[in-house]
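Please keep the sequence and the model in view while reading.

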Amino acid sequence: MARVILHIHSLEGGGAERVWAILASGLAGLGHECLFVVERVDDANRPFLDSTVSYKVLTASSHVAQVAEMAALWRHTQPQVVLTACGNANFKAALVRAGGQRKPGL
């Protein structure tokens with residue numbers, strides 16, 4: 001099975017945040033190793049995130065520092081799949097990827 005990182009700004013709100021938590025839970029239920037990464041704490045949709053999904057809150061306070069933190073996280077976890085949603089998370093993942101932190105094909 002695959003190692004998957006799912007990255008979104010937080011678990012606040014309703015639409016994308018809830019869908020992302022349900023998606024992570026479904027992937028984990030299929031046997032994938034899932035790490036759910038958020039940029040800030042808000043647990044409104046946390047009940048939709050299965051306990052088998054690892055949960056990480058980025059500790060860096062600036063966007064630039066969060067990109068560096070994500071790059072280190074990718075190097076450490078060596079995910080086979082990275083999924084991002086909603087603006088900043090998408091842009092940060094693109095910056096990590098453009099920085100050569102992953103092998104070609106991701």
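**From a loop serine to the sheet and its helices**

The side chain of serine 10 makes a polar contact with the side chain of histidine 9, at 3.3 Å. A polar contact is a pair of N or O atoms within 3.5 Å; within protein, one must be able to donate a hydrogen and the other to accept it, and residues adjacent in sequence count only if both atoms are side-chain atoms. The model is predicted, so local features need pLDDT of at least 70 and side-chain atom pairs count only at pLDDT 80 or more, whereas totals for chains, interfaces and linings use all residues. Residues are numbered from 1 along each chain as its sequence is written, and side-chain values use heavy atoms, with hydrogens and water left out.

Serine 10 is placed in the loop between strand S1 (3–8) and helix H1 (15–29). Helices (H or I, at least four residues) and strands (E, at least two) are DSSP runs, numbered from the N terminus. Serine 10 counts as buried because its relative accessibility is 0%; buried means under 20% relative accessible area, exposed over 50%, and partly exposed in between (1.4 Å probe, protein chains only). Not counting residues up to four places away in sequence, serine 10 touches Glu17, Val38, Arg40 and Asp42, where contact means heavy atoms within 4.5 Å.

The strands form an open sheet of four, in the order S3-S2-S1-S4, with parallel pairing. Strand S3 (54–57) and strand S4 (81–84) are the edge strands, each pairing on one side only. From one strand to the next, the twist averages 20°. Two strands pair if DSSP finds at least two bridges between them. S1 and S2 pair in the parallel sense over six bridges, with arginine 3 opposite glutamate 33 in S2. S1 also runs parallel to S4, and four bridges join the two; here leucine 6 stands opposite leucine 83 in S4.

How many of the six residues of S2 are buried? Five of them are, and S2 is thus mostly covered. Valine 37 is found in this strand, S2, and counts as buried because its relative accessibility is 0%. Leaving aside neighbours within four places in sequence, valine 37 is in contact with Ile5, Leu6, His7, Ile8, Lys56, Leu58, Met70 and Leu73.

Helix H1 lies across S1, strand S2 (33–38) and S4, running at about 170° to S1. Axes are lines fitted to C-alpha atoms, for helices over the stretch in contact, and angles run from 0 to 180 degrees between N-to-C directions.

Glutamate 69 lies in helix H2 and counts as buried because its relative accessibility is 16%. The side chain of glutamate 69 reaches the backbone nitrogen of alanine 60 at 2.9 Å. Apart from neighbours within four places in sequence, glutamate 69 is in contact with Lys56, Val57, Leu58, Thr59 and Ala60.

Two packed helices are described by the angle between their axes and the distance between the axes. The axes of helix H2 (residues 63–77) and helix H3 (residues 87–98) come within 9 Å and cross at roughly 60°. H2 is therefore oblique to H3; angles under 35 degrees count as roughly parallel, over 145 as roughly antiparallel, 65 to 115 as roughly perpendicular and the rest as oblique. The contact is made by His63, Gln66, Val67, Met70, Ala71 and Trp74 of H2 and by Asn88, Lys92, Ala93, Leu95, Val96 and Arg97 of H3.
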